[in-house]
Each structure stands twice: as C-alpha cells, then as structure tokens.
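Hi there,

Here is the structure I promised to pass on. Have a look at it first, and my notes on what turned up follow below.

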Amino acid sequence: MGDDGVVRRAEAGGSTGFWEPGSQILWRYRENGGERFHIARPVTVVRDDEDLLAVWLAPGTECVRPVLADGSSLNSEPLDSRYKKPRGVRLGRWSGTGVLKLARPGDPWSVWLFWEQGWRFKNWYVNLETPLARWDGGVDSEDHFLDISVYPDRSWNWLDEDEFAQAQQDGLMDASAADRVREAGRSAAEVIRAWGPPFADGWQHWRPNPAWGVPSLPDDWDRTPAHLSS
C-alpha cells in the first residue's frame with residue numbers, strides 16, 4: 001500500500017489487491033455508448049475482500065454528474081429526446097443522507113442502501129450495471145438503466161423500465177445487450193426472493209466511522225486507468 005492509502009494492483013496471478021477500510025477511492029460510470037466518464041463519486045471503503053466491496057458515499061461529497069449541454073438537469077428533458085441531446089458534466093454536492101454501496105465481484109449489479117433522516121432505513125436499490133472494473137484509484141462501470149427497489153418487508157419492484165425501453169429505441173443498447181440486462185435483473189430477483197446476501201446480512205444497521213470525514217474529488221477524476229481488472 002502506497003502513502004496515498006491506495007492498494008496497488010498485485011501483479012502475481014493478475015489479481016488486484018484490496019483496499020483497507022478507510023481508504024478513499026472513486027466510483028465512476030462511463031456514459032452509455034461512449035468512453036467518457038460522466039459520473040464520478042469519491043467514496044470511503046468500508047470493506048474490501050474476495051467476497052464484497054462496500055463503500056460509503058458521505059453526505060456533502062463533491063461529485064460529477066451528467067447534465068444537458070446547457071447545464072440543465074437531464075430530468076428536465078422529455079424522455080423521448082433525453083438521450084438524443086448533447087451532454088456535459090457538472091460538479092455538485094451529494095445532498096440528503098449518505099449511501100452505502102455493496103458489490104460482489106463479477107455481479108452485473110450493485111446494491112445501494114438508503115436511509116431517511118435519523119437513520120430510519122428506507123430501501124435497498126439494485127443498480128443493474130456492468131460488473132465493476134477495478135483499477136488503482138477505484139472502480140468503473142456502465143449503468144444499464146433498469147433498476148430494482150427492495151423494501152424492508154421484502155417486497156420489490158422494477159424501476160425505470162421506461163428509460164430502459166427508450167435507451168433501446170435510441171440505439172444506446174441493442175437487443176442482445178438488453179436481453180443480458182433482463183437476465184441479470186432476473187438473477188438479482190432470484191436473490192431477493194431467496195433473501196440472500198446482501199439483503200439478509202444486516203447492513204441496514206451499519207453506521208459510518210465519524211473519523212472518516214468527506215472525501216475530496218480529485219482534479220483528475222476522469223483519468224484513464226493504467227491498469228484494469230474485473
């Protein structure tokens with residue numbers, strides 16, 4: 001581990017070293033149908049091992065988010081033209097309560113935990129995405145539009161099916177890719193029905209270390225990784 005607190009890539013066997021709890025890394029997403037990064041979130045590592053990467057996105061963290069080229073919110077644009085308009089990025093602070101993100105190696109989704117004020121647990125959120133690619137400064141993925149919300153009573157529902165359909169119509173995802181995303185969603189739903197990890201693991205009772213503070217967004221948040229592995 002270097003002085004910057006980041007575990008460097010272990011060359012033996014082509015594997016990747018793990019980050020120590022408290023390390024600060026980037027959790028990024030590439031734009032759909034492109035190579036640029038349009039989402040970057042500095043997070044603090046809670047746990048990292050061969051079974052799970054868990055990170056904390058603290059309230060007030062400076063993040064990068066996509067916007068329309070004129071700076072307006074994506075949600076201000078009607079869905080039928082939202083993915084056709086030129087885009088840019090904007091810096092902003094993560095508002096509201098923080099988010100705990102959990103990802104198992106190789107899974108085509110991550111699971112996020114949301115709380116209301118006062119640490120009243122709200123829901124799990126299954127974000128369907130490309131399996132995380134690790135590099136020395138963090139993890140990268142591409143969002144797949146379709147999501148699942150899971151509630152404390154173990155009920156669940158699909159989210160953003162309209163965006164998923166529009167992305168296909170606009171050529172951001174072909175039929176084969178869409179089928180893979182649907183299959184990933186069905187696999188996630190099987191885990192939910194069986195109440196497997198991480199839903200049964202008690203993460204809703206977890207709390208962050210107050211000493212961690214709020215990570216800073218590095219100036220080179222969009223740098224190209226020198227080493228990548230899944």
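Leu-26 counts as buried, because its relative accessibility is 3% (buried means under 20% relative accessible area, exposed over 50% and partly exposed in between, with a 1.4 Å probe and protein chains only). Leu-26 is part of strand E1, residues 24–30; helices (H or I, at least four residues) and strands (E, at least two) are DSSP runs, numbered from the N terminus.

A word on the ground rules. This is a predicted model, in which local features need pLDDT of at least 70 and side-chain atom pairs count only at pLDDT 80 or more, while totals for chains, interfaces and linings use all residues. Residues are numbered from 1 along each chain as its sequence is written, and side-chain values use heavy atoms, with hydrogens and water left out.

Now the aromatic residues. A search of the whole structure gives 14 aromatic pairs. Rings of Phe, Tyr and Trp (its six-membered ring) pair if their centres lie within 6.5 Å, and planes under 30 degrees apart count as stacked, over 60 as edge-to-face and the rest as tilted. One of the pairs is Trp-56 with Trp-115: the ring centres are 6.4 Å apart and the planes stand at 70 degrees, so this pair is edge-to-face. Because Trp-56 lies in strand E3 (residues 53–57) and Trp-115 in strand E7, the pair ties together parts that are 59 residues apart in sequence. Trp-56 is buried at a relative accessible area of 5%, and Trp-115 is buried too, at 3%.

Trp-115 also pairs with Trp-119: their centres are 4.9 Å apart and their planes at 70 degrees, so here again we have edge-to-face. Trp-119 counts as partly exposed, with 32% relative accessibility. Its place is the loop between E7 and E8, and Trp-119 has a positive phi of about 60 degrees although it is not a glycine. Ring pairs join Trp-56, Trp-115, Trp-119, Phe-121, Trp-124, Trp-195, Phe-199, Trp-206 and Trp-212 into a cluster.

Phe-145 is another non-glycine residue with a positive phi, of about 70 degrees. Phe-145 belongs to strand E10 and counts as buried, at 5% relative accessibility.

Two arginines sit over rings. A charge is taken to sit over a ring if NZ of Lys or CZ of Arg is within 6 Å of the ring centre and within 35 degrees of the ring normal. Arg-28 lies over the face of Phe-37, 3.7 Å from the ring centre, and the charged end of Arg-182 is over the ring of Trp-158, 5.4 Å from its centre.

Next, the spaces in the fold. On a 1 Å grid over the protein atoms alone, a cavity is a set of points where a 1.4 Å probe fits but cannot get out, and a pocket is an open set with protein on both sides within 12 Å along at least five of seven lines; lining residues have an atom within 4 Å of a point. The largest pocket holds about 1000 Å³ of space. It has 32 lining residues, and those closest to its centre are His-38, Ile-39, Pro-66, Leu-74 and Arg-87. Strands E2 (37–48), E4 (62–68), E5 (87–93), E8 (120–129) and E10 (138–150) each supply at least two residues of this lining, and E5 gives the most, with five residues.

Strands E6 (99–103) and E7 (109–116) are the elements that give two or more residues, and E7 has the largest share, three residues. Pro-198 is worth a look for its backbone too: the peptide bond from Pro-197 to Pro-198 is cis, with omega near 5 degrees. Pro-198 lies in the segment after helix H3 (175–194).

Best wishes

Terms used: Grid points are joined across faces, edges and corners, and a volume is the space filled by probe spheres set on the points.
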